[in-house]
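Please look over the sequence and structure below before reading on.

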Amino acid sequence: MSEVLIRLDNIWKTYTPGEPAAVRNLYLEVMRGEVLVLVGPSGCGKSTTLRLINRLIEPTNGKIFLDDEDVTSINASDLRRRIGYVIQQVGLFPHKTIAENIATVPKLLGWKKDEIEARVDEMLELVSMDPATFKHRFPKELSGGQAQRVGVARALAANPDVLLMDEPFGAIDPITRDKLQNEFLRLQQDLKKTIVFVTHDIDEAIKMGDRIAILRDGSEIAQIDTPENILTDPADEFVESFLGSGAILKGLTLKKVRDIELQMVTTLKAPVLRDQALKTISDNNDSFALLLDADDQPLRWLDERALNRTNQPIEKSGRPIAVQLQPEDTLQDALSSMLQSSVGMSVVVDRQGKYLGCCTIESLAKLLVHESPTK
Amino acid sequence: MTLVNKTTKPQFSYAGNLNLIVTPVFAFLLTLLAVAVWNYSVFDQTTESILQPTLLRTQLWQTIVIGIASSLIVIAVAVPLGITITRRGWPRLKNFLVDTLGLAQALPAYGLIVIFYTFLGTGMRTVIYALALFSLLPVLRNTIVGLEQVDKSVIDAGRGMGYTNLQVLLKIELPLAVPIIIAGIRTAVVINVGMAALAFLVGAGGLGETINSGLKLNRPTAIFIGASMVAILALVLDFLGALAEKYLKPKGI
Ligand SMILES: Nc1ncnc2c1ncn2[C@@H]1O[C@H](COP(=O)(O)OP(=O)(O)OP(=O)(O)O)[C@@H](O)[C@H]1O
Ligand SMILES: [Mg+2]
């Protein structure tokens with residue numbers, strides 16, 4: 001899967017002769033099926049680089065290869081029909097319905113009418129929008145998030161191998177944005193498109209990218225690598241400062257609960273008698289235990305004091321479990337659930353809700369210290 | 001995903017629809033008034049000779065021909081011109097043209113007709129060309145504005161999807177500019193019909209003849225009938241323009 005699909009070969013772009021070039025001698029390879037994120041400060045040339053790929057901007061010098069074909073001098077409109085393009089401002093055609101918007105490229109490519117119709121429905125379903133409800137609406141009748149979805153559907157309609165996305169989730173509120181990002185990652189798992197994704201938000205880059213290219217002025221690559229490697233081993237001060245102070249915390253979004261070693265705590269299986277419970281806890285030299293039901297599903301935290309204090313039935317004493325984690329959750333989720341937990345650890349369960357173990361601050365810290373850069 | 005069930009009412013544009021109601025009402029009332037004046041005032045010999053129905057019919061027809069013909073020329077010239085100079089690489093020509101045509105409009109139409117007369121002599125042609133030049137600016141300006149107000153990101157998306165430049169123009173820019181271009185055309189038509197009243201100056205007839213005779217011979221009834229016919233004609237054409245604007249405007253904007 002490490003086959004190069006897009007290659008920018010020593011590309012230069014000078015907008016105004018005499019002024020510094022917006023892209024200076026850029027060599028960039030994009031692998032088939034990967035999400036490559038271009039990230040960097042404003043004005044460093046991210047959009048320019050992206051638009052060079054579908055030749056909305058013509059390079060001053062250098063060549064661009066798509067699937068080993070030199071596309072620098074072929075017909076630009078034909079090239080663009082082969083490449084999906086999502087722009088920051090969405091840019092839906094306001095005078096065309098959602099269906100017509102999505103049908104744009106298939107129509108240009110001369111697909112048959114019924115093929116196009118089927119494809120429009122398929123695309124709307126792909127981005128979780130009900131075709132019957134939305135097909136005949138106009139863009140002004142959509143919310144911002146819906147419009148973004150249609151933008152993505154339109155770009156994917158002719159099933160291009162390559163997708164260029166320029167800050168596609170830029171102008172959206174953080175919650176919707178998070179949701180669209182997740183949806184997009186889910187889509188990409190099935191579609192396996194080759195995607196070049198521009199953002200100026202390092203967190204988004206870390207979340208979305210299989211690889212990240214951190215650019216500085218003139219579209220010069222400061223570092224290009226996987227998010228993990230960049231976070232744990234930034235190439236230079238520029239990259240470090242771009243990652244910001246929270247680089248380790250950002251790394252938490254990349255790791256999953258299954259990556260850390262789970263701790264086993266004392267467990268009690270309901271139904272259990274009070275004395276039996278107290279005895280088990282003290283036998284294990286512990287001060288608390290986790291009460292499980294007959295199916296091994298965690299019920300409550302029980303501690304000695306709570307058991308001694310009340311005469312409540314045992315299923316009602318102790319404290320409830322606020323959040324349960326699953327192995328696929330990120331360590332960031334784990335950290336926040338631990339901070340909420342009464343006992344400073346959180347319970348991890350499998351998909352069926354069965355107890356697997358516990359996740360503690362110590363085990364998390366161990367993982368982080370182990371991996372943090374030695375500088 | 002939860003579907004947002006946004007009830008989207010059709011946008012009711014006051015300005016647009018008011019025009020569709022007020023203009024015909026106004027035209028109707030003015031017609032009533034003119035008919036009343038015609039039927040109930042006592043015409044003396046002179047008035048009678050000015051307001052001969054056959055004369056009026058010819059003059060009305062001439063006014064319509066002048067107004068429509070000059071407007072058609074304006075459309076045929078200004079719209080393509082506006083399109084051409086908004087293509088990339090023509091910004092200077094654009095400013096030059098807008099400024100020059102601004103000057104043409106600053107001249108009184110009267111002066112323009114006289115200038116054309118010195119070159120073309122008498123006749124309808126003279127008036128038609130003069131008026132076409134006079135009302136070129138509103139259409140040209142609206143064509144330029146209409147094309148330039150199209151959201152750059154929409155054009156960008158179109159090009160990015162693989163539309164050729166011609167397709168971007170025909171499928172995106174022009175449809176989105178249509179309402180503004182038609183508004184300019186309406187202005188031009190009203191100007192042209194109104195100014196066609198000056199056609200008599202170079203012997204091209206029109207309802208101006210009646211108004212002029214009424215003025216010279218001091219016959220207010222004749223002036224009123226002539227002037228209200230011009231006004232009704234202008235109102236009716238403007239109403240047709242408003243209808244065109246409403247139905248040619250792409251849905252969704
Ligand atoms: N059409 C243009 N004409 C002249 N200069 C341009 C043009 N487009 C971009 N530039 C310049 O090229 C440089 C790179 O611009 P570009 O839009 O690629 O930046 P960017 O990284 O996408 O920034 P942002 O994050 O703000 O979108 C900037 O200095 C910009 O001023
Ligand atoms: Mg940009």
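**Salt bridge across the interface**

A:Arg51 and B:Asp156 form a salt bridge, with 2.6 Å between the closest N and O atoms; a salt bridge here is a side-chain nitrogen of Lys or Arg within 4 Å of a carboxyl oxygen of Asp or Glu. The count between chain A and chain B is one salt bridge. The model is predicted, so local features need pLDDT of at least 70 and side-chain atom pairs count only at pLDDT 80 or more, while totals for chains, interfaces and linings use all residues. Residues are numbered from 1 along each chain as its sequence is written, chains are lettered from A and ligands numbered from 1 in the order in which they are written, and side-chain values use heavy atoms, with hydrogens and water left out.

**Interface of chain A and chain B**

- Seven residue pairs, both residues at pLDDT 80 or more, are in polar contact across the interface (a pair of N or O atoms within 3.5 Å; within protein, one must be able to donate a hydrogen and the other to accept it, and residues adjacent in sequence count only if both atoms are side-chain atoms).
- On the side of chain A that touches chain B, the elements giving two or more residues are helix 2 (76–81), strand 6 (83–86), helix 4 (104–108), helix 6 (131–134) and helix 7 (144–156) of chain A; helices (H or I, at least four residues) and strands (E, at least two) are DSSP runs, numbered from the N terminus.
- That side of chain A has 13 nonpolar, 10 polar and 11 charged residues, where Ala, Val, Leu, Ile, Met, Phe, Trp, Tyr, Cys and Pro count as nonpolar, Asp, Glu, Lys and Arg as charged, and the others, Gly among them, as polar.
- Chain A gives 34 residues to the contact and chain B gives 27 residues, with contact meaning heavy atoms within 4.5 Å.
- About 2600 Å² is buried between the two chains, and carbon and sulfur atoms give 59% of this area (the accessible area, 1.4 Å probe, that two parts lose on being put together, summed over both).
- A:Phe93, A:His95 and A:Lys140 supply 21% of the area that chain A buries against chain B, more than any other three residues.

**Chain B**

- Chain B has 11 helices and zero strands.
- The C-alpha trace of chain B spans about 80 × 50 × 25 Å along its principal axes.

**Salt bridges over all chains**

- The whole structure holds 23 salt bridges over all chains.
- A:Arg149 forms a salt bridge with A:Glu183, the closest N and O atoms lying 2.8 Å apart.
- A:Arg149 is in helix 7 of chain A and A:Glu183 in helix 8 (residues 174–191) of chain A, so the pair ties together parts 34 residues apart in sequence.
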